[in-house]
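The sequence and structure are shown first.

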Amino acid sequence: MASTSSFRASSSSTPSIPQTSTYDVFLSFRGADTRYNFTDHLYKALDRRGIRTFRDDTLRRGEAIDPELLKAIEGSRSSVIVFSENYAHSRSCLDELVKIMECQKDLGHTVIPIFYHVDPSHVRKQEGSFGAAFAGYEENWKDKIPRWRTALTEAANLSGWHLQDG
């Protein structure tokens, strides 16, 4: 069953978005979870409507975020984040998310979360599979963990869509 909540942005309280945006939407997702199903369908639907959408189509093996992805985020008017079960198991997804949330604050970038078969409270509080991912990061990624946690909490507090098995 899918439940939705409407998304409204107040243009009077957000900074203006540059008119020279390269993309209308940046899609953030964990490829192994959603690339060939939900995200692919979403991308095609946006494309059919003429919405310029950035989707990383390279299957990266490394965990370092590509500088081109950072440019694509900055050059987008908005982001759709597809939170799936293993999203937090990707350090590059978490780094993307930090950049997306920075752009929201600094540039007025619109952010729309989609909770794809995950409980929004698990994202917000880093519980369930999100907590398991962080348990593996405690030793080697102490400098990034606070930023990742903050970005997850902020994004999960936004209005978006919760898609569940039904």
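Which backbone oxygen does the side chain of His 162 reach?

## Basis of the model

This is a predicted model, in which local features need pLDDT of at least 70 and side-chain atom pairs count only at pLDDT 80 or more, while totals for chains, interfaces and linings use all residues. Residues are numbered from 1 along each chain as its sequence is written, and side-chain values use heavy atoms, with hydrogens and water left out.

## His 162

The side chain of His 162 reaches the backbone oxygen of Val 118 at 3.1 Å. His 162 lies in strand E6 (residues 161-163), strands being DSSP runs of E with at least two residues and helices runs of H or I with at least four, numbered from the N terminus.

## Overall architecture

The protein chain has 7 helices and 6 strands, in the order β-β-α-α-β-α-β-α-β-α-α-α-β from the N terminus. Of its 166 residues, 44% count as buried.

## Helix H7

Helix H7 (residues 145-156) has 12 residues and reaches 16 Å from its first C-alpha to its last, close to the 16 Å expected at 1.5 Å a residue, a span taken as 1.5 Å times one less than the number of residues. Its buried residues are Ile 145, Trp 148, Ala 151, Leu 152, Ala 155 and Ala 156. They cover an arc of only 135 degrees around the axis, which puts them on the same side of H7; the arc is that of the directions from the helix axis to the C-beta atoms.

The buried residues of H7 pack against several elements, including strand E4 (76-83), helix H4 (91-107) and strand E5 (110-116), where contact means heavy atoms within 4.5 Å.

Key: Buried < 20%, exposed > 50% of the residue type's maximum accessible area, 1.4 Å probe, protein only. Polar contact = N/O pair within 3.5 Å; in protein donor to acceptor, adjacent residues only side chain to side chain.
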